[in-house]
Structures are given as structure tokens and as C-alpha cells.
Amino acid sequence: MLLQPLWTFLLDHSALMLSPVFPVVFSLSVYLSFCLPFLLLDLLSCRWALVRRYKLQPQSSVSWASVRSCLALTLYNHLVFIFPVTVLHWYLRPANLPAEAPPLPRLLAQVFVCLLLFDFQSFTWHLLHHKVPWLYRNFHKAHHTFTSTSALTTEHSGAWETLSLAFFAASTPLLLGVHPLTELAFFLLNIWLSVEDHGGYDLPCSTHRLVPFGLYGGARHHDLHHLKSKYNYAPYFTHWDQLAGTLYRPDD
């Protein structure tokens, strides 16, 4: 089994994985690590036209004030809201780590299904919070503080939005009954795609350029959502917006 050595290594550190602080440390460290390449691009784009040509909004720049604001809000939400919830979950539902790793094809298939389900949940939540003015004003408006996206704006949101999306991400693997390694793989991919969505760059290696037929929106679509908030509510794929009549393509 291709994944067994990796899973055995993780089992050797099961005390850490089963710790109530692991989800917060894992999500924060992975999130900030994924933000770093885009922050580096932001620094380089101020000096190099070669990098700036890939910015979705080349006239914009990331200020240190916005970086501090986004970091402070992210840390606050994780420590004040996410951490108590993870401790409660740890207490009420102790994790079980099986001895065997899942087969690689099953892991890949289940990660994809998790991503599809999360995409639908987020699309529904997002659409509702734009269509109902009270919900937008009280819960989602904070995320639209910045019309020009950058990596750290990914988690610039209020407590309700942070907890809602965290609930969708955590509950999806539980609903499907996937292996803990599959769950970790889904979390990694989901965090990366979310950061890439907000990164503010249309790179040659961006996910939307790797998925054919316009099935995946990615950074270009989500950047347009922050500019034209009546369109592109799904975080990743385009089919839900297509069905709802809310799809706006960059070349439209």
C-alpha cells in the first residue's frame, strides 16, 4: 500500500494528532505556510513587471496595515472561537486512528467527493448571505472589506462565517465516513485552494488552468466576485453558478 509508510509515520506521532490543540495548530500553520508564496509575489510585484503581469488587479498593492489586520483577525478567530469548539469536539467525540492506511485510489476519490460537497455547502451559504441583506450586513460584509484579494484576506471574516466554513470543512469528511488520512488530505487541499482563490494572481500553474472546459473557476472567478459581488458564489467549481445563473466569466 503506497500510503502505509506515511500513515505509519503519522501514527508514531498519534499523541500530537489526538491532542485538542492539533486542529488549530495544523490549520493555522498550513494556512500561513500556503499564504507565504503569495506574500512573496506581492513583494516582488512592486519591483518586477514580470511578476506584476500575473496580478489580477495590477494597479493594487498589499499594505502592511492590511497584512496586520488580516493576521490579527485570523489569530483572534482561531483562538477565541475555533479552539474552544475543537476542544469540545475532542471531548465529546474521541478520534479513532486505524492501523491501516486507505488505498490511494479511494483516498483521491473521497477527497474529490469531499471537495464537491464542500463546494455545494459553501455556495449555498454564500448565495444566501448575499441575497438576504441582513445576513450580508451582519455576517458576510467583513469578508468584502477588500475588493482586491490577497492571500491573507482568505480568512478575513467574522466569527459566524469562520465557524460556518470550519463546520462545513470538518463535517463533510465525517458525513462520508472517510479515513483520517483522507480527512487530512482534504483539509490540505481545501486550504490551498481557498488561499489560491484569494491570492490575487492568475499564474500559469493556477488550478483553473489545469482543469479543462472551464469547470473550475479559481482565482480569476473569485477575484471577479469581490469586484462584482452579484456573481461567482461557488468557491471552486463553476457548475452551481452556471445552474443558478450567477456565473460571470472573466472574458464575459
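Predicted model: local features only at pLDDT ≥ 70, side-chain atom pairs only at ≥ 80, totals over all residues.
**A walk through the helices**

Reader: What about Asn-232, what is its phi?

Author: Asn-232 has a positive phi of about 55 degrees, and it is not a glycine either. You will find Asn-232 in the loop between H11 and helix H12, which covers 239-244.

Reader: Is Asn-232 buried or exposed?

Author: Asn-232 is buried, with a relative accessibility of 2%, whereas Phe-213 is exposed at 76%.

Reader: Let's move to the helices. How do the axes of H6 and H9 cross?

Author: The axes of helix H6 (residues 104-131) and helix H9 (residues 180-198) come within 9 Å of each other and cross at roughly 50 degrees. Because that angle falls between the ranges for roughly parallel and roughly perpendicular, the two helices are described as oblique to each other. The crossing in which H6 passes H9 is right-handed.

Reader: Which residues meet there?

Author: From H6 the contact takes in Leu-107, Gln-110, Val-111, Cys-114, Leu-115 and Phe-118, and from H9 it takes in Leu-181, Thr-182, Ala-185, Phe-186, Leu-189, Asn-190 and Leu-193. Sorted by class, the contact of H6 with H9 has 10 nonpolar residues, three polar ones and no charged ones.

Reader: You listed Thr-182 there; is it buried or exposed?

Author: Thr-182, which lies in helix H9, is buried, with a relative accessible area of 0%. Leaving aside residues up to four places away in sequence, Thr-182 touches Pro-102, Leu-107, Gln-110 and Val-111.

Reader: How does H3 cross H9?

Author: The axes of helix H3 (residues 22-45) and H9 come within 10 Å and cross at roughly 40 degrees, and the pair is again described as oblique. H3 also passes H9 in a right-handed crossing.

Reader: And what does H3 bring to that contact?

Author: H3 brings Phe-22, Phe-26, Ser-27, Val-30, Tyr-31, Phe-34, Cys-35 and Phe-38, which meet Leu-184, Phe-187, Leu-188, Ile-191, Trp-192, Val-195 and Glu-196 in H9. By class, the contact of H3 with H9 has 13 nonpolar residues, one polar and one charged.

Reader: At what angle do H1 and H9 cross?

Author: The axes of helix H1 (residues 4-11) and H9 cross at roughly 95 degrees and come within 11 Å. Since angles from 65 to 115 degrees count as roughly perpendicular, that is how H1 and H9 are described. Leu-6, Trp-7 and Leu-10 of H1 make the contact with Pro-180, Leu-181 and Leu-184 of H9. The residues of the contact of H1 with H9 divide into six nonpolar, no polar and no charged.

Reader: Changing topic, how many aromatic pairs are there?

Author: The count comes to 16 aromatic pairs. One of them joins Tyr-76 and Phe-81, with 5.8 Å from centre to centre and 80 degrees between the planes, which is edge-to-face. Tyr-76 is partly exposed, with a relative accessible area of 45%, and Phe-81 is partly exposed too, at 25% relative accessibility.

Author: There is also a tilted pair formed by Phe-139 and Trp-160, with 5.9 Å centre to centre and 55 degrees between the planes. That pair links distant parts of the chain, as Phe-139 is in helix H7 (residues 133-140) and Trp-160 is in helix H8 (residues 159-176), 21 residues apart.

Reader: Which residues form an aromatic cluster?

Author: Phe-112, Phe-118, Phe-186, Phe-187, Tyr-216, Tyr-236 and Phe-237 form one aromatic cluster.

Reader: One last thing, what does Ile-82 touch?

Author: Not counting residues up to four places away in sequence, Ile-82 touches Val-24, Asn-77, Thr-162, Leu-163 and Ala-166. Ile-82 is found in helix H5, residues 64-92, and it counts as buried at 11% relative accessibility. The C-alpha atoms of Ile-82 and Pro-23 are separated by 8.9 Å, although these residues are 59 residues apart along the chain.

Conventions. Residues numbered from 1 in each chain as written. Heavy atoms only, no water. Phe/Tyr/Trp six-rings, centres within 6.5 Å; stacked < 30°, edge-to-face > 60°. Buried < 20%, exposed > 50% of the residue type's maximum accessible area, 1.4 Å probe, protein only. Helix = DSSP H or I, 4+ residues; strand = E, 2+ residues; numbered from the N terminus. Axes fitted to C-alpha atoms, helices over the stretch in contact; angles between N-to-C directions. Parallel < 35°, antiparallel > 145°, perpendicular 65-115°, else oblique. Left-handed = near helix turned anticlockwise from the far one by under 90°. Contact = heavy atoms within 4.5 Å. Nonpolar A, V, L, I, M, F, W, Y, C, P; charged D, E, K, R; others polar.
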